[in-house]
Amino acid sequence: MKRWLPIIVVLALFLVPAFILPKFGSAAVTASVAVSPEVLFTLGPLEITNTLLTSWIVMILIVLFVYFATRKISLVPGGAQNVLELIVEMWDGLGQGVAGERSRKFFPIVTTIFIYVLFSNLLGLVPGFGPIGIIPVQEGHSAPDGIITFDLPGGLAEALGPKPKAAGEHSAAEAEVVLAPFVRAPSTDINMTLALALISVIMTQIFGMQVVGVFKYWMKFFNFAKIGQFFGALFKGKVKIGLLAFGFIDLFVGLLEFFSEMVKIISFTFRLFGNIFAGEVVLLIMAFLSSTFVFFGFPFPFYALELFVGFMQAFVFAILTLVFMTIATTAHSAEEHA
Amino acid sequence: MEKLGINATWLLAQVINFGLLLFILWRFAYKPVLGMLNARKQKIQESLEYAEKVKADAAAQQKEFERKLEETRRETQAAAAAAAQVSEKEREAILAQARADARKMIDQAREQIEYERKQMLSELRGEVVRLSMLATQKVVSASLDENAHRRLVNEFLAQADQLGTQN
């Protein structure tokens with residue numbers, strides 16, 4: 001009997017809410033999935049989206065974390081200082097291992113990407129943030145079934161809330177009411193992932209130019225060296241077809257590399273966005289499955305999975321940035337100028 | 001672009017966010033923590049070196065101590081040997097003295113004995129003379145005069161002396 005007790009308790013936790021919640025009509029709630037972040041309010045010319053608000057929350061959390069970690073910084077670490085040291089040491093160690101001494105150049109960007117993305121991903125998993133938000137309710141209409149609403153004071157109601165969607169976008173206008181959650185993981189906003197991707201790729205080019213030299217660095221992409229040699233030979237009356245052929249191959253390979261550099265922006269952007277956004281959608285679907293099948297355990301394995309994915313994506317973004325920066329700053333022109 | 005929600009303003013806001021965060025972390029997290037890590041590394045290295053030095057010092061001191069101990073032992077042994085030699089000499093001297101004393105005492109004793117013997121002998125002689133004279137007087141009863149008598153006895157004694165010394 002004693003052996004079964006934990007299982008009974010867990011089952012009760014999963015099942016009992018399922019019998020209580022339908023009394024509040026929670027079954028009537030419909031989920032909406034929007035790629036674009038929802039606008040919460042406008043601040044002057046700036047439309048503040050929930051992802052932007054959450055990025056600020058994330059930044060504040062990070063700053064608080066750093067404050068507590070470095071408040072009483074000492075040779076004998078304790079508490080938060082241990083965690084910060086772990087992160088800093090991990091990225092410093094990885095950088096030193098991959099790039100040696102010049103990794104100190106990349107270290108701040110790489111580590112900041114890791115911390116920012118990690119906090120962003122994990123904050124999105126905090127339960128209860130998603131369903132609390134602003135929902136526009138037409139004058140004279142009541143809120144949809146199953147949603148508990150509180151009226152905002154007149155002035156705030158004007159300033160806050162999603163504006164009506166542009167026609168033809170989603171909408172069968174009045175039927176579809178979109179809840180704008182206050183908090184939404186920044187990584188589920190393409191603007192955020194694209195911003196990080198742009199920073200990562202652009203800084204990679206800048207570091208490459210700094211270390212290898214501007215001209216030499218761009219030679220990697222637009223490699224006219226062998227074609228130039230061919231024409232040089234041609235002036236002296238010698239025709240070297242081989243040089244011309246290899247010159248075109250070099251040029252083609254360089255252009256491919258250039259395009260792969262551009263593609264990095266897209267792959268960075270959508271890898272992070274796709275993983276985190278899809279994760280949130282999966283959690284949402286599992287939550288609805290829970291209420292449908294009267295079993296509240298469905299989201300749990302996915303929560304564990306999403307925690308892992310959240311860490312992994314932060315790690316991958318940072319380590320790829322580190323590796324690309326290392327490659328860009330490696331003078332790999334040995335065989336070209338030999 | 002529009003469908004994905006990409007918007008120049010939001011993008012720029014995110015870039016600014018990141019830049020701000022980068023600056024804050026760089027200034028307030030990485031610099032102090034890396035500095036601290038370096039300081040700790042240095043401290044550990046110093047401690048290790050110090051420990052190594054202390055260990056070497058201890059070993060040197062141990063060696064020095066052992067050397068001194070050995071030296072002391074040798075000195076003690078030498079001193080003990082010297083003392084033994086001295087005491088041996090002393091013993092010899094005392095023994096010799098004792099022997100000499102003993103011999104002296106024996107000699108004295110012997111002299112005393114000799115003297116006493118001589119004394120006794122002379123006393124004995126006198127007694128014998130008297131007794132003989134008494135006996136002779138009794139036997140001879142005045143047939144001899146005093147002087148003849150004395151002469152006879154003395155002759156006899158001289159003979160007896162001769163016999164005594166022969167013995």
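How many bridges join strand E1 of chain A to strand E2 of chain A, and which way do the two strands run? Hi everyone, let's start there. What you have on screen is a predicted model, where local features need pLDDT of at least 70 and side-chain atom pairs count only at pLDDT 80 or more, while totals for chains, interfaces and linings use all residues. Residues are numbered from 1 along each chain as its sequence is written, chains are lettered from A and ligands numbered from 1 in the order in which they are written, and side-chain values use heavy atoms, with hydrogens and water left out.

So, the opening question. Strand E1 (residues 39-43) and strand E2 (residues 46-49) of chain A are joined by four bridges, and they run antiparallel. For pairing, DSSP has to find at least two bridges between two strands. The helices (H or I, at least four residues) and strands (E, at least two) I mention are DSSP runs, numbered from the N terminus. If you pick out Phe41(A), its bridge partner in E2(A) is Ile48(A). The hairpin of E1(A) and E2(A) has two residues between the strands, and Gly44(A) there takes a positive phi near 65 degrees.

Now to the charged side chains. A salt bridge here is a side-chain nitrogen of Lys or Arg within 4 Å of a carboxyl oxygen of Asp or Glu.

Asp92(A) and Arg104(A) form a salt bridge, with the closest N and O atoms 2.9 Å apart. This pair links distant parts of the chain: Asp92(A) sits in helix H3 (residues 80-99) and Arg104(A) in helix H4 (residues 103-123), 12 residues apart. Is Asp92(A) buried or exposed? Asp92(A) is buried, at 11% relative accessible area, and Arg104(A) is partly exposed at 32%. The cut-offs are under 20% for buried, over 50% for exposed and partly exposed in between, with a 1.4 Å probe and protein chains only.

Over in chain B, Glu64(B) and Arg67(B) form a salt bridge at 3.2 Å between the closest N and O atoms. Both lie in helix H1 (residues 8-140), three residues apart, about one turn of the helix. Glu64(B) is partly exposed at 35%, and so is Arg67(B) at 45%.

In that helix H1 of chain B, Arg91(B) and Glu88(B) also lie three residues apart, and their side chains meet at 3.5 Å, N to O. Arg91(B) is partly exposed at 45%, and Glu88(B) is partly exposed at 38%. Finally, salt bridges that share partners join Glu64(B), Arg67(B), Lys68(B) and Glu71(B) into one network. Thanks, everyone!
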